[in-house]
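I am opening a notebook on this structure. My plan is to look up a few places one by one and write down what I find.

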Amino acid sequence: MPIVNIDASWLNELLEKPYPPQQLIDALDQIGCDVEEVVELPRYRCPQCQALVEGSLGADTVKQCSLCGFTQMQPFEIVDTITAIRLDLLAARPDLFDIGGLVRALQGYLGEKKGLPSFTSTRSDIIVNVDPSVCQPNSYRPFLRCAVIELPSVDDRMLVALMKLQENLHWGVGRDRKLASIGIYDLDTIKGPITYKTLHPDDEPFVPLGVSEPMSGRKILSEHSKGIAYAHLLANHDRYPVLVDADGHVLSMPPIINSERTKIKIGSHRLFVDVTGISIAAVENTLHTLVSSLVELGATIRTVRIVQDEKELETPDLTPKQAIVDLSQAKQWLGLPLDAHTLMESLFRMRLDVEPIDESKTRFRVRYPAFRSDIRHTVDVFEDVAIGFGFQNIQAKLVPTMTVGSSRTEEQTSDLARTILLGLGYSEIMSLPMTTESDHYERFRMPVPNRYPRVGNPKLKALTVVRQHLMSGVMQALHDNRRRPMPQRLFEIDNVALLDDEAPTGCREERRVCFVEMGKDAGYATARSILDAMLREMGVEAAYSATQQPWFTAGRAARFQAGSFEGILGELHPEVILAFGLDHPVALVEVTLGSLRSWPIPHPRTTERSS
Amino acid sequence: MIAPVVLTETAKKVWEAVRAGPKDVADVVQTTQLDQSLVMVAALEAQQQGFFDVKERVRLELDPVPDAAARLQQGLPERQALRLLIDAGGSLSVPDFTQRAQAQGLPVHEIFRWGSARGWVERTKGQPPMVRVTDAGRLAVDEPADDERALRLALEGTRFLDEQALQGVDPVAVEQLLGKRTDLAKLRKRTQRILSLTTQGLEALSRAKVKREQNALAPEDFQSGAWRDITLRPYDVTLPGKTVYPAKIHPLRKIMEQTRRAFLELGFEEVVSPMVESAFWNFDALFQPQDHPARDMQDTFYMLDPARIPLPPPEVVEPVRRTHEHGGDTGSTGWGYKWSEREAERVVLRTHTTAATIRALAAHPNPPYKAFCVGWTYRNETISFKHLPVFHQIEGIVIDEQASLATLLGTLTAFYQKMGFAKVRFKPAFYPYTEPSVDVMVYMESRGKWIEMGGSGIFRPEVSEPFGCKHPVLAWGLGLERLAMLRLGFSDIRQLYQGSLDAMEEVALCR
């Protein structure tokens, strides 16, 4: 999960009140943010582009600029040190990714402001024409939304925050630029109208950010660091999307990189923002979130006219959306002592507008900002009611309905087996249910079968097998304990998974117990007496027959079947013992636990069902 | 009349052994043929009662190494060097001396060390440096030194320095010369205890009665009634017993069992679901969009075999499909995409036990119903102190007409209090299939901080309604290993699955 550093003093400046850090942290916690810690963070200045660069935890110095990529051997010069609140980003709430969005939420939660923030906008004179080629399958990135942002002036910290927000929106909404990606430009370097079109990879080279020579699209993808990192997003394209201004200057090649000549810098005060992508929801959400946050930092929004398929569109459209909320439903869902007043106050606190739509104040119209893409059902508004009400104010209680608890029969059987084996001096071990072909088959002298429950994509190459017997785990445990005094006795009880085409998921599970004894006197006879004791205690009468298995010594192995119980026991073959790095005889028993005949007493049906 | 003193047979023997006068414990052991520890027990008991006087003195014992006799016979190197130098006229240049000594097989550094220590030889600076015999050396040439005499006495059996002193050996010189010459002999401190009867003891002995004393009673002692005359030797009850460990339930299993019991006590039905699971139940049934990053190959184990399994019947699948595509009848906007059966047919190792509870919900959509599951879950991770690719989750649902956020918090508080965490706290969270979503935290007194235990919430209607469930469904997925590590005091998750029984034995069952 990415982390964002929020400058506590800037936060207070925007809140227009000096809140102590702990109060801010508590409030952030109670609106759902994951506060990692508060740290003192140095900030550096890039000697190349003069941008502020935040230090990172654990690194004493900074030698690379996060904005322009400039790197030098000498550490950068420290500018100052800020008190930073470190937050884990909440993937579901991009509107809380940056200081602007957090200020908006905190103003509501701390009672500074309430209700829907206003996002007024006026028209700019910028027009963007969309060329139909962006909708072609071989150059598909059809959606474009734009905005113009006016600011008094972009300063140091705003530039850092803007770049960070762009990066985080790429992560959180854009799926790493696949669904949506953002371009931000200094509007004073652009002459409208702008065209969104596609280019042949070798046409119209331009100077991308961070270099000084013009590069073609193809060259950018193969040589520029950002191009290499995101080339996969254009892998199926034979023409690349670009934004070009009236003079034919390339603004950017989405979703890869902007041009050097249009880049924003300290002192820029008119910005052009575009978001392109393959998901209209992600594109709009990205743009709405970005511009709404900037409004909290003092920006004014101006709309852009987009002409596509002979249709015209003014974006961004920040018109609030609506939902209807029923007070009694909210009360039921949340179990809170809500009335019309507390419901409304809770939502105002969450920066939503709410008004009753009937005389009796039982139903309410809620208006929420365009960027709240997480709201897709009235229960999402209920969540805001709960947070606005304050989680710490909730009176926890239990459902009063009587129900009867009941455990699974295999757990009861397992519990009995465990009690018996512990009583016989066997210690319990637990091992992971994933293993390797080598540990599961080869070390037991079994050929690797053609079919077995097999994982296709493990990160750890070793873990490819879901276990079908418990022998690997107990043998590994014997190996781990080989220096302990003999004899050693241990067991494991768990499920195994067996391929079974009849089973609904293609795999059947069985509850098994596997126990081993290792020592000079361990053998079929000692194992058999333990197994006999276990089965006797469980009321299972078993008949045994000789069996031959590659992992057992010939003539020293048996199997039994008794009702739903079955099992196998024997003396392990010396090659198996040696394969696990051991040098003492090992007797091993593996039993599939069935259901017991006379126990447990069938439990009563949990409850009457209402239908 | 003064009551007679009752002595055990052992004590009587010890008392008798010193009746004639003070005696060393070793002598008493020899006379009585008793074990030394028994002699001491009797002596100390008598001392406490004022009958015995126990005097301790520390003696130095000289213990020559096995070849000491031969080396003494041959002459210690410095003594041989003395002769060599006197034969050469009393002095030699150091190189010359070295060459000659080495020709005789003498260790030169020892000669210088011990020869100088004795004051027999000295080295002078100059060109070349010289080594010469001192006057003391000349006097000593035919006279055995104190330590040599002491060694010889020790080899003959007189090993204590105080005894040797009686034969004219100076113990101080011996200690100086042999204290550090451990390649020749070891000097050990020995505590000698001299036992004697006090006047009171002597008087008591004259009228002492004897009582039999044993370590344990034999069957005959019970049958014959002899136990009446037998004293069982008292033990020092402050000493620890021998360390043994019971065969134990695995500590993680024990916490799992406590977890199960907690939910059973709260009236929950235990449910299970397959570990090898369809993407349908693992993801789609939970309204997880098919392009969600959690479904990525990076995070989820996909099975090669079985690779695909048929979907449940259409009456189960259709409402789910419709909900994904446009919200269906749930009042939601849905995800607005074309839902793929092929994607839902893929087989995964379940990434959460929510697959078990959603299956339970589908089978029992009507209230009241409470179900829980503790089971393995799989994430495509590498192994580290924090993460394992396989771990357990504690899952549960409550379907109830009175299920609500408030009762969710109440249920989880009850659970964690049963698990030994008095303070439980909640904060808002954002999870894809619950609304509201809640993070559960418990307070660890020992660490002085709140620790996050897992996520919970109320299933979105998009999750519960396609299965015909019209009531709020409380749901949670909590970490078992995290809870176990806190309880057991582990800091590395791998400790839970390591096979070392030594380590597990150290984990007390009460933890």
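This is a predicted model: local features need pLDDT of at least 70, side-chain atom pairs count only at pLDDT 80 or more; totals for chains, interfaces and linings use all residues.

**Entry 1: helix H1 of chain A.**

I looked up helix H1 of chain A, residues 8-15. How many of its eight residues are buried? I find six, and the helix is mostly covered. The buried residues are A:Ala8, A:Trp10, A:Leu11, A:Asn12, A:Leu14 and A:Leu15. After H1(A) comes A:Glu16, and its phi is positive, near 60 degrees.

**Entry 2: A:Asn5.** I moved to strand E1 of chain A, residues 3-7, where A:Asn5 sits. Is A:Asn5 buried or exposed? Its relative accessibility is 15%, so A:Asn5 counts as buried, the cut-off being 20%. Its side chain makes a polar contact of 3.1 Å with the side chain of A:Glu54. Another polar contact, also listed at 3.1 Å, joins the side chains of A:Asn5 and A:Arg86. Leaving out residues up to four places away in sequence, I find A:Asn5 touching A:Leu41, A:Glu54, A:Ala84, A:Ile85 and A:Arg86.

**Entry 3: strand E7 of chain A.** I looked up residues 180-186. Why is this strand largely enclosed by the rest of the structure? Seven of its seven residues are buried, so the strand counts as largely enclosed. In a regular strand, side chains alternate between the two faces of the sheet. I therefore checked each face of E7(A), and both are covered. One side has A:Ala180, A:Ile182, A:Ile184 and A:Asp186. The other has A:Ser181, A:Gly183 and A:Tyr185. E7(A) is joined by seven bridges to strand E12 of chain A, residues 270-277, and the two run antiparallel. I picked out one partner: A:Ala180 is bridged to A:Gly277 in E12(A).

**Entry 4: B:Leu202.** B:Leu202 lies in helix H12 of chain B, residues 199-206. At 43% relative accessibility, B:Leu202 counts as partly exposed. Setting aside neighbours within four places in sequence, B:Leu202 is in contact with B:Arg19 and B:Leu197. I also looked up how far B:Leu202 is from B:Leu486. They are 284 residues apart in sequence and 65 Å apart in space, C-alpha to C-alpha.

**Entry 5: where chains A and B meet.** The contact takes 86 residues from chain A and 98 residues from chain B. The two chains bury about 7700 Å² between them, with 59% of it on carbon and sulfur atoms. In chain A, A:Trp333, A:Arg376 and A:Met430 lose the most area to chain B, together 11% of what that side buries.

How many salt bridges are counted between the chains? There are nine. I looked up a salt bridge between the side chains of B:Glu505 and A:Arg484, at 3.0 Å from N to O. I also note 39 residue pairs in polar contact across the interface. Strand E22 of chain A, residues 488-499, gives the largest share of chain A's side, six residues. That side divides into 36 nonpolar, 25 polar and 25 charged residues.

How values were computed: Residues are numbered from 1 along each chain as its sequence is written. Chains are lettered from A and ligands numbered from 1 in the order in which they are written. Side-chain values use heavy atoms; hydrogens and water are left out. Contact means heavy atoms within 4.5 Å. Buried area is the accessible area (1.4 Å probe) that two parts lose on being put together, summed over both. A salt bridge is a side-chain nitrogen of Lys or Arg within 4 Å of a carboxyl oxygen of Asp or Glu. A polar contact is a pair of N or O atoms within 3.5 Å; within protein, one must be able to donate a hydrogen and the other to accept it, and residues adjacent in sequence count only if both atoms are side-chain atoms. Helices (H or I, at least four residues) and strands (E, at least two) are DSSP runs, numbered from the N terminus. Ala, Val, Leu, Ile, Met, Phe, Trp, Tyr, Cys and Pro count as nonpolar, Asp, Glu, Lys and Arg as charged, and the others, Gly among them, as polar. Buried means under 20% relative accessible area, exposed over 50%, partly exposed in between (1.4 Å probe, protein chains only). Two strands pair if DSSP finds at least two bridges between them.
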